[in-house]
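My notes follow in the order I looked things up.

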Amino acid sequence: MKKTHTASCHCGRVRLEADFDLDDGSFKCNCTSCTKTRAWLASVQPADFRLISGEDDLTRYESTRTFQYFCRVCGVRLFGHAKDETADGAFRAVNLGSLDDVDPVRLAGMPVQYFDGRNDDWGSTPSEVRHL
């Protein structure tokens, strides 16, 4: 069932709300950016995403396919979105590690889909995912 979740960065300057169902699953990518930041993400429709505070404290990193947003003060990666939302489908990707209101046991039970972003083969699962 869709629920409103809150998320924030470590220092608390950036806060957001997002409506999504944890049972819809999550995803991890093996591209170098996601691997190095240990990104674990959930897709959220743009209409279900609200930046509550800290817009001036966000900084953006532009990768090949996405924009990723970090708190410029504490460095926590909170969310991202595709550059070409027409081609990839409009969505926001919320970093599950930034959620404030989810029991870790609940997170551990979430389904995870893996993407081979390192080889730009988004329709395939990488051969190794245990490190993600």
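I began with β6 and β7, which form a hairpin with three residues between them. Strands here are DSSP runs of E with at least two residues, helices are runs of H or I with at least four residues, and both are numbered from the N terminus. Two strands pair if DSSP finds at least two bridges between them. Strand β6 covers residues 58-62, strand β7 covers residues 66-71, and five bridges join them in the antiparallel sense.

**What I am looking at**

This is a predicted model, in which local features need pLDDT of at least 70, side-chain atom pairs count only at pLDDT 80 or more, and totals for chains, interfaces and linings use all residues. Residues are numbered from 1 along each chain as its sequence is written, and side-chain values use heavy atoms, with hydrogens and water left out.

**The open sheet**

In what order do the three strands of the open sheet lie? I read the order as β1-β2-β5, with antiparallel pairing. The edge strands are β1 (3-8) and β5 (49-53), and each pairs on one side only. From one strand to the next, the twist averages 25°. That angle is taken between axes, lines fitted to C-alpha atoms (for helices over the stretch in contact), and runs from 0 to 180 degrees between N-to-C directions. Next I followed β1 along strand β2 (residues 15-20) and found an antiparallel pairing over six bridges. T4 stands opposite D19 in β2.

**Cores**

I then looked for a nonpolar core, meaning a set of buried Ala, Val, Leu, Ile, Met, Phe, Trp, Tyr and Cys residues joined through side-chain atoms within 4.5 Å. Buried means under 20% relative accessible area, exposed means over 50%, and partly exposed lies in between (1.4 Å probe, protein chains only). In soluble globular proteins, nonpolar side chains tend to be buried together. The largest core here has 23 residues, and L16, F20, L96 and L99 touch the most other members. At least two residues of this core come from each of β2, β4 (41-44), β7 and β8 (77-82). A second, separate core holds ten residues, including C29, C31, A93 and F115.

I checked the contacts of F20, where contact means heavy atoms within 4.5 Å. Leaving aside neighbours within four places in sequence, F20 is in contact with residues including M1, H5, V44, L96 and L99.

V94 was next, in strand β9 (residues 92-95). Is V94 buried or exposed? V94 counts as buried, at 0% relative accessibility. Beyond four places in sequence, the contacts of V94 include L16, W40, F49, F79 and L99. V94 and F70 are 24 residues apart in sequence, and their C-alpha atoms are 11 Å apart in space.

N30 sits in the loop between β3 (26-29) and α1 (32-37). N30 is buried, with a relative accessible area of 6%. What does the side chain of N30 reach? I found the backbone nitrogen of R118, at 2.9 Å.

R77 lies in strand β8 and is buried, at 9% relative accessible area. Its side chain makes a polar contact with the side chain of T37 at 2.7 Å. A polar contact is a pair of N or O atoms within 3.5 Å; within protein, one must be able to donate a hydrogen and the other to accept it, and residues adjacent in sequence count only if both atoms are side-chain atoms. Not counting residues up to four places away in sequence, R77 also touches Y69, F70 and N95, among others.

**Cysteines**

How many disulfides are there? I counted zero, by the rule that a disulfide is a pair of cysteine sulfur atoms within 2.5 Å. For C31, the nearest cysteine sulfur is that of C29, 3.7 Å away. C74 is in no disulfide either, and the sulfur of C71 is 3.7 Å away. C31 counts as buried at 17% relative accessibility, and C74 counts as partly exposed at 26%.

**Positive phi**

Most residues other than glycine have a negative phi. R38 has a positive phi of about 55°. R38 lies in the loop between α1 and β4 and counts as exposed, at 53% relative accessibility. D120 has a positive phi near 50°. I found D120 in the segment after β10 (112-115), exposed at 54% relative accessible area.
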